[in-house]
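Please look over the sequence and the structure shown below.

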Amino acid sequence: QVQLRESGGGLVQAGGSLRLSCAASVRNFPLYVVGWFRQAPGKQRELVGSIYNRSAKYLSDAVKGRFTISRDDVQKTVSLQMSDMKPEDTAIYYCAAKVRGGTEYGSWGQGTQVTVSA
């Protein structure tokens, strides 16, 4: 339903910052919740954060206080600003979309690698 493309991944030192962007190609973008997920080697995929609008945001306890999530409905993008990064943040990061009130994320990007070195 939604075509998604992640960008901004790379290598960063512990304590540094990185911004990920998710660009969507879809009609009626404001109708969708967009989430950021990550999957570390040998571990299950986990939800990092999600956003529907400025009043409806979520961040996991693991990243709360360090990461922020925002969206631009004109450019149809969702950003994940990552600060004070830790080696445990190393993972492949994916963005995904679902209709507000939907039970599952049905559209996924291909992922972008984030590596944090000590």
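Seven of the eight residues of strand β4 are buried, so β4 is largely enclosed by the rest of the structure. Here buried means under 20% relative accessible area, exposed means over 50%, and partly exposed lies in between (1.4 Å probe, protein chains only). Strands (E, at least two residues) are DSSP runs, numbered from the N terminus.

This is a predicted model: local features need pLDDT of at least 70, side-chain atom pairs count only at pLDDT 80 or more, and totals for chains, interfaces and linings use all residues. Residues are numbered from 1 along each chain as its sequence is written, and side-chain values use heavy atoms, with hydrogens and water left out.

**Partners of β4**

- Two strands pair if DSSP finds at least two bridges between them.
- β4 runs antiparallel to β9, and eight bridges join them; glycine 35 has alanine 96 in β9 as its bridge partner.
- β4 is also joined to β5 by five bridges, again antiparallel, and valine 34 stands opposite isoleucine 51 in β5.
- β4 and β5 make a hairpin with six residues between them, and glycine 42 in the turn has a positive phi of about 75°.

**The open sheet**

- Four strands form an open sheet in the order β1-β3-β8-β7, with antiparallel pairing.
- The edge strands, each pairing on one side only, are β1 (3–7) and β7 (67–72).
- From one strand to the next the twist averages 15°, where axes are lines fitted to C-alpha atoms and angles run from 0 to 180 degrees between N-to-C directions.
- β1 and β3 (residues 18–25) run antiparallel and are joined by five bridges; arginine 5 stands opposite alanine 23 in β3.
- Strand β8 (residues 77–82) contains glutamine 81, whose side chain makes a polar contact of 2.9 Å with that of arginine 19.
- A polar contact is a pair of N or O atoms within 3.5 Å; within protein, one must be able to donate a hydrogen and the other to accept it, and residues adjacent in sequence count only if both atoms are side-chain atoms.

**The nonpolar core**

- A nonpolar core is a set of buried Ala, Val, Leu, Ile, Met, Phe, Trp, Tyr and Cys residues joined through side-chain atoms within 4.5 Å.
- The largest one has 29 residues, of which Trp36, Phe67, Leu80, Met82, Tyr93 and Val114 touch the most other members.
- β3, β4 (32–39), β5 (46–53), β7, β8, β9 (91–99) and β11 (112–117) each supply at least two residues of this core.
- Leaving aside neighbours within four places in sequence, valine 114 has contacts (heavy atoms within 4.5 Å) that include Leu18, Leu20, Met82 and Tyr93.

**The disulfide**

- A disulfide is a pair of cysteine sulfur atoms within 2.5 Å, and the count comes to one.
- Cysteine 22 and cysteine 95 form this disulfide, with their sulfur atoms 2.2 Å apart.
- Cysteine 22 lies in β3 and cysteine 95 in β9, so the pair ties together parts that are 73 residues apart in sequence.
- Cysteine 22 is buried at 2% relative accessibility, and cysteine 95 is buried at 0%.

- Most residues other than glycine have a negative phi.
- Asparagine 28 has a positive phi of about 60°; asparagine 28 lies in the loop between β3 and β4 and is partly exposed at 44% relative accessibility.
- Lysine 76 has a positive phi near 60°; lysine 76 is in the loop between β7 and β8 and is partly exposed at 28%.
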